[in-house]
Amino acid sequence: MNLIYLLDLCAVAVCAITATLEARRRELDLFGVVVIAVISGIGGGTVRDLLLGRLPVYWIHDPVYVVVGMVAGTLTFFLGRRLRLPKNFFLVPDAIGLALFTVIGTSVAMQLDVPWLIAALMGVISGVFGGVIRDILCNEVPLIFRTDLYATASFAGALLLIALDRSGLPHSLAILFAMVSTVAVRLAAIRWHIHLPRLRSDA
Amino acid sequence: MNLIYLLDLCAVAVCAITATLEARRRELDLFGVVVIAVISGIGGGTVRDLLLGRLPVYWIHDPVYVVVGMVAGTLTFFLGRRLRLPKNFFLVPDAIGLALFTVIGTSVAMQLDVPWLIAALMGVISGVFGGVIRDILCNEVPLIFRTDLYATASFAGALLLIALDRSGLPHSLAILFAMVSTVAVRLAAIRWHIHLPRLRSDA
Amino acid sequence: MNLIYLLDLCAVAVCAITATLEARRRELDLFGVVVIAVISGIGGGTVRDLLLGRLPVYWIHDPVYVVVGMVAGTLTFFLGRRLRLPKNFFLVPDAIGLALFTVIGTSVAMQLDVPWLIAALMGVISGVFGGVIRDILCNEVPLIFRTDLYATASFAGALLLIALDRSGLPHSLAILFAMVSTVAVRLAAIRWHIHLPRLRSDA
């Protein structure tokens, strides 16, 4: 459990960092950037907890999540311009973060005995809603509705976790396989530009 | 109660279909369209349940709502371009859906003994907030703030339901009259372009 | 406690009035303006209650808050164009409202024994999230992410309240000092254009 907790905090930090880098294009002040960084990191799990009625939400009694998001956002704010990172530096950490949020969200919902489809949705919501709220705050159509298999990778991972868990596999192994599959689908989609069918505007 | 349940699912489907048709103008992929369709269908009742503290929200233990939204969204995604429906094909189903969500939301709140104004607001929120969230996700000023008596029809129906219920009418009759009045106000507003006073920009 | 309640209602009214004046630039109808006015007034406390799990949210059983927001919004809608108020007429009432929402939100969270950082965040959320939701509904990047020390004044006031309370000062005195400090920081920031460091777009 301690390893999961540490990885969870790392995923919050990665989310906060990438959100700060994206918020750069807007003229936001330090406070705005840090808020958006924190919300990106903890927003998905917060929406999940609200819908499931697990209240108060998970970070109320454990401020470490908020602190990690604030520190990561602040450091990136001041160092971000200095460091000229290659554009795809965060693709792999981001995919791992997505996988981690997905399996944690799905596991939490499974413990509450909700139907499997809903458990999988809670995994997807945990994985992607931080980014959705970030994009709404930045006044953009959420990226995940347009990007290569981001939420789909999360959904596939959540379904795999549930299937493996029902098949009697130990939960830790099921989590491992689900995470690997989420990361693999996501990175393959980026590498070969695989995406779902799109609606072209014909209006 | 079974009839209400069936009608409720139909209203979710209608919301999902119209949302998909509207999402067409954006370059969204299949996932994005389905998410927006589902949220349009269940968003209003979800916000109502959160505010009232009825947790977990209503669709967590009954995935049929989500399934109906997903199926309706997916079918519309693939068939939507094929079928060239007349522009106002959905105006009547949409008005009935609005009426239904309104009376369900108001009834739910009345059972919790909240003040009548709040019960009416919960009816309006159930009726219109799915569309509000849809428009926020699509990065538009919510349509209901600009459109002909949409939320007003819902508000009037909710108030009528409460008044009739207090006057001692059987609840099922009160619901029927409230729904008819909501549909009538909405369709009359469309037919004769009745709307509330608007602020013209003088800035 | 009665004085706090009255001031709280006044703060809701001020929020609703300023929101209506800002909504002027959009072509909204009466309903849209009133909804945005009410949400601006009660949105911050609502998000706080959701996150803390204080459900149903505070205005469900006390409709006075909603009524005050509706009346203030409606009156401003009809009189707003007539009255040509000086541009900075509401700066001081607005700063007092921010201070009041902040200390109420922080106090509520302190009573639930949450960590001090989280209590301070709940103060900030109570103070500023009404405006955040207003700006999202109006399809703008929330103003507080760009404006002179608005949220920062709230954060400083919340921290001061917690520190003074822990130092053994009577709670009412701590609240007074925290409010004065919030108002002072906010007004000083406006007067001398003090702001946090900003990211300039270099993309």
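Which residue of chain C comes closest to the rotation axis? I began my notebook with this, bearing in mind that the model is predicted.

**Entry 1: the axis and the copies**

I looked up the distances to the axis and found that C:Asn139 comes closest among the residues of chain C, with its C-alpha atom at 3.8 Å. I then looked at how chain C is laid over chain A, and a rotation of 120 degrees, with 0.0 Å of shift along its axis, does this with an RMSD of 0.0 Å. I noted that the two copies use different surfaces, as 11% of the contact residues of chain C recur in chain A.

I repeated the search for chains A and B, where a rotation of 120 degrees with 0.0 Å of shift along its axis superposes chain A on chain B, the RMSD being 0.0 Å. These two copies are thus related as by a three-fold rotation axis. In chain A the residue that comes closest to the rotation axis is A:Asn139, at 3.8 Å for its C-alpha atom.

**Entry 2: C:Asn139 itself**

I stayed with C:Asn139 and placed it in the loop between H5 and H6 of chain C. Is C:Asn139 buried, exposed or partly exposed? I wrote down that C:Asn139 is partly exposed, because 14 other C-beta atoms lie within 10 Å, whereas being buried would take 20 or more and being exposed 12 or fewer. I also looked up its backbone and found a positive phi of about 65 degrees, although C:Asn139 is not a glycine.

C:His193 is found in the segment after helix H7 (171–192) of chain C, and it counts as exposed because it has 9 other C-beta atoms within 10 Å.

**Entry 3: where the chains touch**

I looked next at the contact between chain A and chain B, which takes 27 residues from chain A and 25 residues from chain B. On the side of chain A that touches chain B, helix H2 (30–52), helix H5 (116–137) and helix H6 (150–166) of chain A each supply at least two residues. The largest share of that side, four residues, comes from H5(A). Sorted by class, the side of chain A that touches chain B has 17 nonpolar, five polar and five charged residues.

How many of the 23 residues of H2(C) are buried? I found that 22 of them are, which makes H2(C) mostly covered. I checked its length as well: at 1.5 Å a residue the 23 residues of H2(C) should span 33 Å, and the end C-alpha atoms are 33 Å apart, which agrees. I also noted a kink of about 50 degrees in H2(C), centred on C:Ile42.

Just after H2(C), I found that C:Gly53 takes a positive phi of about 75 degrees. I followed the chain into the loop between H2 and helix H3 (64–79) of chain C, where C:Pro56 lies, and the peptide bond from C:Leu55 to C:Pro56 turned out to be cis, with omega near -5 degrees. I looked for the counterpart in chain B and recorded a cis peptide bond joining B:Leu55 and B:Pro56, with omega about -5 degrees.

Against what do the buried residues of H1(B) pack? I listed helix H2 (30–52), helix H3 (64–79), helix H4 (91–111) and helix H5 (116–137) of chain B. The buried residues of H1(B) include B:Asp8, B:Cys15 and B:Ala16.

I met B:Ala16 again in the largest nonpolar core, which has 214 residues, and in which A:Ala16, B:Ala16 and C:Ala16 touch the most other members. Leaving aside neighbours within four places in sequence, C:Ala16 is in contact with several residues, among them C:Ala37, C:Val38 and C:Gly69.

Terms used: Residues are numbered from 1 along each chain as its sequence is written. Chains are lettered from A and ligands numbered from 1 in the order in which they are written. This is a predicted model: local features need pLDDT of at least 70, side-chain atom pairs count only at pLDDT 80 or more; totals for chains, interfaces and linings use all residues. Two residues are in contact if their C-beta atoms, placed from the backbone, lie within 7 Å. Copies are superposed by least squares on the C-alpha atoms of residues with pLDDT of at least 70 in both. Ala, Val, Leu, Ile, Met, Phe, Trp, Tyr, Cys and Pro count as nonpolar, Asp, Glu, Lys and Arg as charged, and the others, Gly among them, as polar. A nonpolar core is a set of buried Ala, Val, Leu, Ile, Met, Phe, Trp, Tyr and Cys residues joined through C-beta atoms within 7 Å. The expected span of a helix is 1.5 Å times one less than its number of residues. The bend at a residue is the angle between axes fitted to the seven residues ending there and the seven starting there.
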